[in-house]
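User: Hi! Could you walk me through this one? I'd like to hear about the sheets and the packing.

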Amino acid sequence: MTPAMAQWRIPSEPCPAPRPPCASSTGDVAVILAEGTYPLTAPLVFAQADGGQKGFTVTWQAAPQARPVLSGGVPVTGWRVHDAKKHIYVADVPKGTDSRQLWVNDALAERAQIELPREAVTFTEAGMVMKDKSWSWLAGLPDQHRIEIESQGFFTSRFSPVEAISGNTLTMQQPAWANNIWGYDSIPYPFHPEWSHLYLQNSLAFLTKPNQWYLDPAAGKLYYKPADGVDMKQAKVILPRLEVLVSAAGTPEAPVTDLKFSGLQFSYSSWMGPSSPEGFASQQSGSFLTGRAAAYPKNVLEVCKTGCPEFETVRDKWHQTPAAVQFAAAQHIVLDGNIFAHLGQYALGIGNDANANLTGQGLATADIVVSRNVFTDLAGGAISSGGVLPDAHHPSAGNLTNRQLVVENNLIQNVSQDYKDNSAILSTYVWNTVIIHNDISGAPYDAIDVGYGWGYAGGNPNYRTRQRGYDAVAQGGGGQPVYETPTTHKDVFVGFNRVYKVKQLFNDGGAIYNLGACPDCVFAENHVFDIGDRIALYFDEGSRGILARNNVVEDAGVWLNINTARSALPLRTSVNNTARGNWHNTSKTGGIWSAYQEDLIVDDHLISNGQWPDEAKQVMANAGIMPEAGPVEFGAVKPLARPAGLPKPNGAPVAEKTRKE
C-alpha cells in the first residue's frame with residue numbers, strides 16, 4: 001500500500017504521514033480508503049502503538065460508496081493453449097510462487113485430483129502400497145514430492161504429502177504421515193470408512209476435470225482446465241501470494257486497543273502449512289498435530305487404531321490454523337460491515353494460540369465485536385476464536401483469558417471448501433461468547449461449534465479414570481493432566497441464528513454443537529433446517545450445564561443428541577443439560593436422556609403435518625439477520641428468503657456491547 005492509496009484523517013488537525021498514532025491520544029483517527037484494489041506485498045501488522053490511545057479509536061474505513069479490497073493475490077493473464085485435446089491452458093507466473101488455492105471468476109477452483117479407492121490401498125508406517133499394478137503409472141510422474149493425499153473421514157479432513165513413488169509404493173513425507181496414521185479418524189482408520197474418501201492431488205497428470213488447476217512453481221507455470229464456454233482471455237484469475245493479510249497484537253500487559261475496520265474487503269490468501277513435511281494432521285475444526293511425539297509407539301497401526309495412551313500425551317501440543325486476519329492481545333476491536341471473501345483458510349482468527357499468529361502472541365482478547373460482515377467463498381471456516389492449549393482453558397495468568405466476544409448479524413455462505421472439517425463459526429475457550437442473529441449456510445461441517453477438549457480439561461470422569469495415559473502424571477510419568485477445575489468456556493449464548501444447508505459432507509457433529517463443560521450456557525431460539533439426515537443440536541462428550549430452549553428444528557435426521565459416553569457408564573460424563581420448550585418435526589434423539597444424569601427433555605413439542613404454532617413461527621421469523629442491521633450481502637450472496645406466512649421479526653433483543661460506539 002502506497003501513501004497515495006489511503007488518507008489519514010482526524011477531526012481537528014492533519015496527521016503527518018506515514019501512520020496515524022501521532023494523534024490517536026488526542027482524538028479519533030480515521031484512515032479512509034478509496035475505491036480500488038490495494039495489493040499487499042506483506043501483511044499489515046498492527047502493534048500496540050497502532051491502536052487508539054487513551055480511549056480514542058483508530059478506524060480503517062471505506063470512503064463513501066467505495067469497497068476497497070485489501071488483496072494478497074496477483075492477477076494471472078496471458079493464457080494460451082497448452083493441450084488442445086485435453087482443453088488445458090497455461091500461463092506464466094513468477095518462478096517460486098506457490099499456492100494451495102486459485103480463484104477464477106471470483107470462485108475457488110479445485111486443485112487437480114483423482115479419487116483413490118480405499119480398497120485399492122494397503123497402509124504402512126512408511127506410506128501406502130497399491131494392490132493393483134494398474135496404478136504403477138504413478139511412479140513415472142514428475143515432482144512426486146508435490147503430490148498429496150487428502151483423506152476425508154468422519155469428522156476430519158487430512159493432508160499428507162508424498163516423498164517418492166517407486167513401483168506400487170508411495171513413500172510419504174514425515175512427520176506428516178506418522179501424525180496422520182494414529183489417534184482418531186486417521187487416514188488408515190476413519191470412523192465409518194464407507195462414508196470416507198481418499199484422493200491423490202496436485203499433479204498435472206490429475207488435471208482431468210473442468211475448473212481444476214495445477215501450479216509448477218519451479219517452472220513458473222500455472223495450468224487450468226476451464227469449463228466449456230469460459231473465455232480465458234476474459235477470465236479473472238487471481239493467484240494468492242500471502243499467507244496472512246492482517247495481524248494485530250500487543251501483549252497481555254499492553255494490548256492493541258480501540259481499532260475498528262469498516263467497509264473493507266479482505267481477499268486472496270493461502271496458508272501453505274499443509275504443503276510442508278508437517279502436512280495437515282487435522283484433529284477437529286482446524287487443530288492439528290506437528291512434530292514427532294516422544295511417546296510414539298511401535299506398531300502404531302496395530303496399537304493406536306482408535307486412540308491410545310501415547311496419543312493422549314500430545315493433546316496439549318496441538319497447533320491451530322492461522323487465520324487470514326488475526327487478532328491477539330487485543331481489546332475493544334470492532335469489525336463491522338466488511339467482506340471476507342476468497343481466503344485460503346479460516347478468514348478471521350480471534351484470540352487463537354500463539355502458534356496460529358504471525359506476531360507470535362496468542363490469546364488475551366477482550367470486547368471484540370464482529371457485526372454485519374459477509375464471509376463467503378472460503379477454503380476454511382469463517383471465524384475461529386479461542387485457543388486449544390492449556391493457557392487457553394486454564395490460563396497461567398488472568399490477562400490471557402479470552403473474554404467478551406460478540407458475533408452478530410453476519411452472513412456466512414460457502415465456507416470450508418478445502419479444509420472441510422472447519423466449523424463455520426468456532427469458539428473454543430472464551431468466557432462470555434455471544435453468537436446471535438447470524439445467517440449460516442453452505443458448510444460441509446458444522447455451523448456453530450463452541451467448546452473444546454472432549455472434557456479432559458473440565459473434569460470429565462471418562463478421562464480421569466477410563467482413558468489410559470492420564471493417570472501417568474500422578475505416577476511420575478509423562479502423561480496428560482486431567483483438570484478438575486472449570487475451563488474458561490462459560491457464559492455462552494447462541495441464539496436467534498438461522499442455520500441451513502450445513503452438514504453437507506460429514507455425518508459427525510451437529511449444526512449447532514457444544515464440546516465440554518459450559519456453565520451458564522444457552523442455545524435459544526435458533527432455526528435449523530434443510531440439513532438432511534444429520535444432527536441439529538449436539539452436546540458432545542463432557543457437556544455440562546447447558547440449556548437448549550425454544551429452538552425450531554425442521555427435517556433433521558436427529559433433532560437432539562448427547563454423547564453420554566455409553567461405554568463409560570455408570571460414570572456420569574455429560575450431565576445437567578436441559579432441552580426445554582423446543583419445536584421439531586422429527587422425533588429421533590441420540591444418546592441417553594435420563595434423570596440419572598439430569599439430562600432432561602421437558603415441555604417438548606413434536607410437530608406433524610407442518611402445523612407450526614405461532615410461537616414457533618415467531619422464532620423462525622426472528623432467526624437470522626435482523627432488518628435493523630441493514631442489507632448484509634455481497635453480489636449474489638444473500639440470505640435465503642424467509643418463507644411466506646411468517647410474522648415480521650419482532651425485534652428480539654440483541655446483546656449490549658461493552659464499548660461506546
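This is a predicted model: local features need pLDDT of at least 70, side-chain atom pairs count only at pLDDT 80 or more; totals for chains, interfaces and linings use all residues.

User: Great. In what order do the seven strands of the open sheet come?

Analyst: The order is 13-19-16-17-18-15-14, and the pairing is antiparallel.

User: Which strands stand at the edges?

Analyst: Those are strand 13 (113-115) and strand 14 (121-123). Each has a single partner strand, so one side of each is left without a neighbour in the sheet.

User: And by how many degrees are neighbouring strands turned against each other?

Analyst: On average by 30 degrees, with direction ignored.

User: Let's zoom in a bit. How many bridges join strand 16 to strand 17?

Analyst: Five, between residues 148-152 of strand 16 and residues 157-166 of strand 17, and the two run antiparallel.

User: Nice. Now strand 22: which way do its residues point?

Analyst: Strand 22 covers residues 237-240. Val237 and Leu239 point one way, Ile238 and Pro240 point the other way, and all of them are buried.

User: What does strand 22 pair with?

Analyst: One partner is strand 7 (residues 73-75), antiparallel over three bridges. There, Gly73 is bridged to Pro240. Strand 10 (residues 103-104) also pairs with strand 22 in the antiparallel sense, over two bridges, and Trp103 has Ile238 as its bridge partner.

User: OK, on to packing. Which residues have the most contacts inside the largest nonpolar core?

Analyst: Leu348, Val370 and Phe375, in a core of 73 residues.

User: What is Leu348 in contact with?

Analyst: Leaving aside neighbours within four places in sequence, Leu348 touches Ala323, Val325, Phe327, Leu335, Phe340, Val370, Phe375, Ala382, Ile383 and Ser384. Val370 and Phe375 in that list are also among the residues with the most contacts inside the core.

User: And how many residues are in the second, separate core?

Analyst: That one has 63 residues, including Leu198, Val314, Leu363 and Leu400.

How values were computed: Residues are numbered from 1 along each chain as its sequence is written. Side-chain values use heavy atoms; hydrogens and water are left out. Two strands pair if DSSP finds at least two bridges between them. Helices (H or I, at least four residues) and strands (E, at least two) are DSSP runs, numbered from the N terminus. Axes are lines fitted to C-alpha atoms, for helices over the stretch in contact, and angles run from 0 to 180 degrees between N-to-C directions. A nonpolar core is a set of buried Ala, Val, Leu, Ile, Met, Phe, Trp, Tyr and Cys residues joined through side-chain atoms within 4.5 Å. Buried means under 20% relative accessible area, exposed over 50%, partly exposed in between (1.4 Å probe, protein chains only). Contact means heavy atoms within 4.5 Å.
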